[in-house]
Amino acid sequence: MNGTLSPYARAMGIEIEEAADGCAPVLSLAFRHELEGRPTAWHGGAIAGLLETACFAALRDRLAAEGRGARMKPINVTVQYLSAGRTQASFALGRVVRLGRRSANVTAEAWQDDPARPIATAVMNIMLVADG
């Protein structure tokens, strides 16, 4: 299943934790020293990368469910950091808010112990370019 993740996501170590039918996949990223920002905390870029990947994964699943193929190009991404990520695994889940013919609006949340207590959230706008 990791074949559906981008080379960047695979290089980061992001994995698909679970993907139930009809639901966007939950992604996970194990903590390792290379992802550390200040001592004992995640680097913000690693969290942003996890959130961006969750947005793309949710959109990819939605497009597949609708039988659509499209190349996805990021327009913008805004990340809100809510608390420091501790040195443990982090998880993320994206949600498609709006899907049009040429663009999509997607949100994502990242958490560690409890999905109800996110450590960061993201809003992303993505351009869709039809295949073929």
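1. **Basis.** This is a predicted model, in which local features need pLDDT of at least 70, side-chain atom pairs count only at pLDDT 80 or more, and totals for chains, interfaces and linings use all residues. Residues are numbered from 1 along each chain as its sequence is written, and side-chain values use heavy atoms, with hydrogens and water left out.

2. **Core.** The largest nonpolar core has 34 residues. Such a core is a set of buried Ala, Val, Leu, Ile, Met, Phe, Trp, Tyr and Cys residues joined through side-chain atoms within 4.5 Å. Buried means under 20% relative accessible area, exposed over 50%, and partly exposed in between (1.4 Å probe, protein chains only). Ile-14, Leu-27, Leu-59, Val-106, Ile-126 and Leu-128 have the most contacts inside this core. Two or more residues come from each of helix 1 (7–12), strand 2, helix 2, strand 4 (90–99), strand 5 and strand 6 (120–130). Helix 2 gives the most, with eleven residues. Helices (H or I, at least four residues) and strands (E, at least two) are DSSP runs, numbered from the N terminus. In soluble globular proteins, nonpolar side chains tend to be buried together.

3. **Leu-59.** Contact means heavy atoms within 4.5 Å. Leaving out residues up to four places away in sequence, Leu-59 touches Met-72, Val-96, Leu-99, Ala-104, Val-106, Ile-126 and Leu-128. Val-106, Ile-126 and Leu-128 are also listed with Leu-59 among the core residues with the most contacts.

4. **Leu-51.** Leu-51 is in helix 2. It counts as buried because its relative accessibility is 0%. Beyond four places in sequence, Leu-51 is in contact with Val-79, Ala-108, Glu-109, Ala-110, Ala-120, Thr-121 and Ala-122. Thr-78 lies 27 residues from Leu-51 in sequence, with 10.0 Å between the C-alpha atoms.

5. **Cys-55.** Cys-55 also belongs to helix 2. With 0% relative accessibility, Cys-55 is therefore buried. Its contacts, sequence neighbours within four places aside, are Val-106, Thr-107, Ala-108 and Met-124. Cys-55 and Ala-92 are 37 residues apart in sequence, and their C-alpha atoms are 9.0 Å apart.

6. **Thr-107.** Thr-107 counts as partly exposed because its relative accessibility is 22%. Cys-55, Leu-93, Gly-94, Arg-95, Val-97, Ala-122 and Val-123 touch Thr-107, not counting residues up to four places away. Thr-121, 14 residues away in sequence, is 7.3 Å from Thr-107, C-alpha to C-alpha.

7. **Thr-40.** Check the backbone here. Thr-40 has a positive phi of about 70 degrees, although it is not a glycine. Thr-40 sits in the loop between strand 2 (26–29) and helix 2 (44–65). Its relative accessibility is 55%, so Thr-40 counts as exposed.

8. **Thr-4.** Thr-4 is in the segment before helix 1. Thr-4 is partly exposed, because its relative accessible area is 42%. Asp-61 is 57 residues away along the chain, and the C-alpha atoms of Thr-4 and Asp-61 are separated by 9.8 Å.

9. **Annotation.** UniProt, in an unreviewed entry, places "domain: Thioesterase" at residues 42–116. Such annotations may be inferred rather than shown by experiment. Over residues 42–116 the chain is 29% helix and 41% strand, with the end C-alpha atoms 19 Å apart.
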